[in-house]
Every structure is written in C-alpha cells, then in structure tokens.
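Colleague: I would like to go through this model with you, one question at a time. Please show it first.

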Amino acid sequence: MSLDAVLILVTYACALVFVVSVITRFVKIARLPVHVRWELYPVAHEKGRAGYGGSRLEELDWWTRPIRKSLLGEMKVMIPEILFLAGVRHKNPSQWLRSFPFHFGLYLFIGTILLLLGGGLAGALGADFGASAGFFTGLIATLTPVFGFAGLGLGLIGSIALLMRRLGNVEYREYTSPADFFNLLFFVAAFGVALIAQAAGDADFARMRGFFAGLLTGGPHQAALGVTPLMAAAIILLTLLIAYIPLTHMSHFFTKYFMYHDIRWNDEPLIVGGRLEAKMMGVLGLKPTWAAPHIGADGTRTWVDVATTNPTDAPAVGKDAAE
Amino acid sequence: MSYKRVRVEDISKPARDLSPTPTGELKPLPSPFDKQDELPKRKELSEAAREKFECDLDGTVVLSHPKPESPEEERVLVEKFLSGLEKLFQAENNWTFLQPLLLSMDHCARCHTCSEACHIYEASGENPIYRPSYRSEVLRRLYKKYVKKGGGLLSDFRNGRIVLNWKTVIRLAELAYRCNLCRRCAQTCPIGVDNGLIAHEIRKLFSMEMSIMPKELHEQGSMQQMKVGSSTGMSALVVKDNIEFIDEDMTDLTGMEVKTPWDVEGADILLIHNAGEILAWPENPGAFGVIFEAAGLSWTLSSEIAGYDSINYGLFYDDAQFARVAIHHASAAKKLGVKKIVLGECGHAHKALTVIADRVLVGDLAVHRESALTTLEDIVMNNRIQCDPSRNDFPVTLHDPCNMVRNMGIVEPQRRVLRKICPQFREMTPHGVDNYCCGGGSGFAIMNGHNFSDWRYHISGRKKFEQILNAFRDELDPSIPKYVCAPCSNCKGQLRDLLDYYGVWEKNRILYGGLVELIVNCMEGVKPGFIEWEWH
C-alpha cells in the first residue's frame, strides 16, 4: 500500500471518528431529560431588553403578551463570542491574548480545510490551478496558503502561549491535569510539524490540494503530486487531533450550543396542554431513589408522589426523626 | 496575596484548617472603614465546636456535622456520599438539573475567568478554596473517577488527582456553603460552565441522600413551613393577629384606613409575602396594604399552609422540599381561584415560584405568577396613586437582588419607580444584571451558628458594603440620611446585620428598606414621615 493510500485511509478513519463522536454526543445531550428553567440574564433573544438584561417577566400580566424573540439579538452576541471570544476579552484579557490566537488559528485552519476540499474537488474535476486558472480556482489557490499559514501560525503561537501559562502560572498549573498538558502539546506538535512541512515542501499548498483531490476520489488522484514525508507526518498528527478533540472537554465547540440555547437562554414558559408540559409529565413519572428519610423515595414512588407528600404529615424515621 | 497554595487534591489532607482567611488578607474597605484595627474583631471558632464538629475547612462552620467516631463511621460516610454522587448523575434522581450539571462537569477550561467575578473570592483576598472553580473541580474529579465510565486507572492522568476520604466528603459539604449561589461567575464563563449550579447540586446530594443540611434551611425552614404554615413558626392564627396589628399601625401612621383582606375567593391577586417581613419589617407588608388599597386592587392574603409565606428554602438545598413548597403555594392560589399570585419583596421566592417551579406546576397548578415590582410599577407609573417625590428628597441607592435581576431579568420596573419618586436616586457600581450579591444569598442571611455571621460580615458581605459606601461616597456625613433600597427580604436581613455590625447608622446615617416604604413615604393623601429614620 502506498503512503498516499495509507494517509487517505487514516484521514477517512479519523474523519469518521470525529463525525460519529460529535453526532453521538450531540444526540446524547439532546436526549437528556428536560430540566427546570435555569436561565441567566441577559438573555440575548429578549427583543428590546437584552441590552440591559431585562426579561418579559418585567411586564404586567406577562403571560398575556406575545413572546418577542430576536434572532438578530442572538447573532449580535454569538458572532463576536464565537469569532473573537468577546467574553474572555472583556473578563479575562490576559487569557484572551493567549486564547484568541489559538481559537482564531483554529478557525483559519478550518477555513483552510474547506478551501482544500473545494480545491481538491475542482482539481479532481480537472480544473487548472496554474497559469490559466479561472477566477475561483485562482482565488482558492491564493487564499489557501494565506489561510493555511495564518491558521497554523496563530494556532501554534496560541497553543504555545497557553502551554506556557499553564506551566508558568501556579494558579493555572494546579488546575491542569496531565491530559490537559498532553492536549496542548498535541496541538503544538501538530501545528508545528504542519507549518514546517508546508513551508518546506508545499508553500503554495498544491501538493496538499492534490492530496485532498485523492481523498475525494477515494484514492490517490492522478493529479496528486505526492506528499513529502514531513507532510505525511503532519497529516497523521492533524487528523488524529481532529478525531481526538470531540472526545475531550474541547468538544465545547459544539456543546456550547446547548449551554447557551438550552440553559442560559432557555426561558420557555410552560403552557398548559403544550409540548413542554407533555415532556414534564414524562419526567414527573420517574421514580427517584434518594435515601434521605424526608424524601420518602423508595424506587416505587414517582416524583409526583414525592412532591405531593408533606413530610411533616408522616412520622419521620432515621436522622430526621432524631432531630 | 500571601495564602499558602492549596491544590484541589489537598481537600483530603488531615490539616487543622485547609485554608483559613486571616483578617489581614481581607480586601480593604473604603474610608471611613479602611482602618482594620478600628473595625470589629472577628470571632474565632470555639475550641468546643472544633472538638465536637468537623470544622477543618476555613475556621468557620455551617453544617455542624459531628466528627466520625470510628473508622466504620468514616467508611459509612464515604459510602453514602458515593451513593449520592451516583444518583446526582441519574435521570430518575436528578432530571431537574442533569443536563446543565453534566455540561458543567465536562467543559470547564480552567481559565479562571470566573474567579474575578466572585465577591467572596475577591473579598477574602483570594483565598484559593473560595475560587468558584475549586469546589467544582473537586466534584468534577470525583465524578470522573467514581461515576463516569472509564474513570479507572487513567482518571488521575485525564482529570487530575483526587483522594476520597471522609475529610473530602465533609469539607466538600461545607464548601458548598461558602457560595451565595448568585451565579455571577456563571455569567462570566465564556463556555457556560455554572459553578453556582455545581455548589447547588453538591448541597442537594448531601441533603437528599445523607440528610446533611443546615438546620436553618431544613428543620427550622422548609419542614417548619410545611408543618405550621411558615418557616417563621407563625401559624395562620398568629399571622392573622400580626397582620391585624400591622393594619392598625398603618392606619395610625398614614391616616388611611387599612384592612388586609384574608382568603377572598375570586380576588384578582393573591399576595404572598416572605413571612419574615411580618415579624422583622412589619412596615413592608403594611406598606403593601396601603398601596394596594389606595390603588383599589382586588387582592387577598391566604391563610393556607405556606400560603402566607413565600419562602422556599428548598431552592437552596433540596429539590423535593422545593417542589413541595411550590405546590403548597400554587394550591393556595388554586383554592381561592385568584387570577394570579403576586410575590412580595423576596428575591428567592420570586425565582423559586416564577422560574424554577414553572415546569413543575403543571395542569391546574399552573397559576399565573408575577413580581410585585411590576405591579408596583403599574400603580406608580400609571398614576393609580399620586406621589410627591419631594418627600423622598434624600440620597437613595438600589441593591439588585440576584434572584430577581440576574436570574429573572426583572431590572427596570424598580428603577423606573425610583427615578420617578426619588430625586436623588443613584446606581451602585456595578448594578443590574452585573450586580454583586448582598452576601446573605442562598440562605446565609439566616445562618448565625458558631462564628458564621462574622464570616458573612467580613467576607461574603464585604463587596456589597463597599458598593454601598461608594454609592454614598460624597454624602457619608451623618447629617445626611441615606437609604439603600433592597426589595428582598433575605437581602434586607443581610444588610440589617451588616450595617449594624459596622455601626453604619451611627457613623453615616445609612438606612436600608424596601421599595414599598419609599412609595408610601411619598404618597399624597398619606401623612408624611412613613419612613421612621430613627427607628431602624
């Protein structure tokens, strides 16, 4: 089996692990039982009120008023938060100096992959990226190394800066597990090797585009220029890293959706006879097993039974009685 | 900062105090309270208490848990904890908060952004165990080691070291009561991790599995409330008597006939006060009566069990107790057939019944609930009573109760009222959803065992005290009376104790009170002088 074929197999396997891990985890979180309301203000979709943190609960007879949600309001918060880490910049500027290049480098790296996929597809279809390149292929050829070097460079700087802070600052070091150090080292290694590999043997990313063309056609494409050994090492490191990320706490890149939309901004009120009430009836039928005597849970009584029992009516047992 | 370093795994070590907070480390207060040697001295924890109870955290104690007397007792404690820990992550036991808890367990980046937001961490001079993420990290490591699949041998590598022994267990329980659950830290977390929630969940584990909880919240709180009707101990008969006295006082004080209606079927509004108001600040429910009568509202109080006491301490420590009390409140309204419940000036009662109970009150228990602040705004801003702001021409600032503001988004109604009726209203810095907790949140205001009240005055309440002094920075002279408007019973309890402890009335003439008192104080057609400055 050729090196190209091995790399293609590894890439497919890692991409599969990434996709399956993200989907599995997404579905698992989405299927967790409905929880009680636990919003935190400002709630970004509160139309006309998000600016100061207000809610519809400020209105007289609020349940008679139409719910006014603003998608634009959410965008105004989410876009700067995702792209520029606005929260960290505002609340923890010294960490932002390290975290921002790391994250923005990742975004540019994702952009590079998309450009390579586009370029690879075009290449597989016979497009020319040389002297007679068209507008779009020319644009791809120009942007790919810009995104690539900027992304890998910022990612490398950011991951080294984050690693240095965790090593050098005792407050951070004490909260950093060996696995956290490993994760950062993994980024440093993957970005570092990729940066050197591209700079040394594929500065215009043409070989890498060829590799992506091979990926998309299921085998080494005839137009593939062949990757250098250093590029091969970079591909293996980067694809393993991509597969690894959703298995760690770094999966916050997508679980953050739940943390904002399902919790922090979830202000959906219960409407009698509505969808939410039906869900609630399901969880209220669950049977708790908490052992404290005042709960009165024995595994056969439901939450409705427990919640509608006045613990002072029945003679208490155990510690409750002793007190 | 000269605290010794305390690592997460140190929680299991057999030190006398894991990390005490020396007075010299506390963040200095603004003038004229900036000279530490002129301030009241903090009480030390007695040796008798240390002898009897497990107190090896920080030199104070809330739970008064007896020391285990044998290795067998130690083992049982750890086993029960592990059983509770497992249940905390099971849908049938903790559907109420499972998704938020799991996400907070799995996604902390340990960036410490939350630390800067915590008033307790800041006021203590950065005691490492008061970092919001400290207790969370202890629970996180325990969860990943003992509950989550794949904990095993690699857990220390993946998640960091942790040793589970009885010291870990009891210190973690105590640590859950060094957080006001104000969620200011959660608001600053860029990922959405909620350390306030984690403290809440730890409290639940100990209460719901191990019957370890503060007696002020449980025996004297929710249990008493469900037994006699109110956590104050007042039965329906007693509360009616008290309200009758208050009505008479209000009639004398205002010159307006006030008679509080009880158990009126079909009234528009069931008003539920924090019953502590009736005993500690009778002018508050009295002022509500004056305003509601003057505005011609159709309203009533209820004499049902818990129907006259909006307190729901279960919010702070126990889901079952929480749900039971919330159901009592809704049932009282349902029985009277009122159109809505209006919650008096009590922050946690607001959040408990309006937001947290929202999905528990299904079917015919889903009675509409509303904040008194919006009711009052409607009355004042729509001129349903006439006000003369010149009667309130003294410096006024507003304390934002976390539960009403950051946790419910009720920010402007109280401000619109104050801007209209208080010519010298000024904000604290910061305010609104960025406010700081009074330091009495999550039940601390009623906890005074051992030397814990001193901890409240010196540490958890320090930031709020600083904010109050700064709000009146240019008028601290005692010749100028000043008013901190705190529309929350629990916050008022903390402010009462805090201002009294530092002698602020005598030195600076700063009074605290609710919003309704300010409204009645400026009502036309009512005798002037409702706020009795000297009777504080």
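Colleague: Which residue is the bridge partner of B:L398 in strand 7 of chain B?
Modeller: This is a predicted model. In it, strand 5 (residues 396–398) and strand 7 (residues 482–485) of chain B run parallel and are joined by 3 bridges. The partner of B:L398 in strand 7 of chain B is B:C485.

Colleague: Which strands of the open sheet in chain B are the edge strands?
Modeller: The open sheet of chain B has 4 strands with parallel pairing, in the order 6-5-7-8. An edge strand pairs on one side only, and in chain B that holds for strand 6 (425–426) and strand 8 (510–513).

Colleague: Which helix of chain B packs on the sheet, touching strand 7 and strand 8?
Modeller: The direction of this helix makes about 160° with that of strand 8 of chain B. The helix spans residues 489–501 of chain B and is helix 23.

Colleague: Which helix gives the most to the side of chain B that touches chain A?
Modeller: The contact takes 73 residues from chain A and 77 from chain B. By class, the chain B side has 33 nonpolar, 24 polar and 20 charged residues. The element that gives the most to that side, with 6 residues, covers 98–106 of chain B and is helix 4.

Colleague: How far apart do the C-alpha centres of domain 1 and domain 2 of chain A lie?
Modeller: The domain assignment of chain A gives domain 1 as 3–35 + 85–247 and domain 2 as 285–322. The distance between their C-alpha centres is 53 Å.

Methods
Residues numbered from 1 in each chain as written. Chains lettered and ligands numbered in written order. Predicted model: local features only at pLDDT ≥ 70, side-chain atom pairs only at ≥ 80, totals over all residues. Domains from an automatic or database assignment. Contact = placed C-beta atoms within 7 Å. Helix = DSSP H or I, 4+ residues; strand = E, 2+ residues; numbered from the N terminus. Nonpolar A, V, L, I, M, F, W, Y, C, P; charged D, E, K, R; others polar. Pairing = 2+ DSSP bridges. Axes fitted to C-alpha atoms, helices over the stretch in contact; angles between N-to-C directions.
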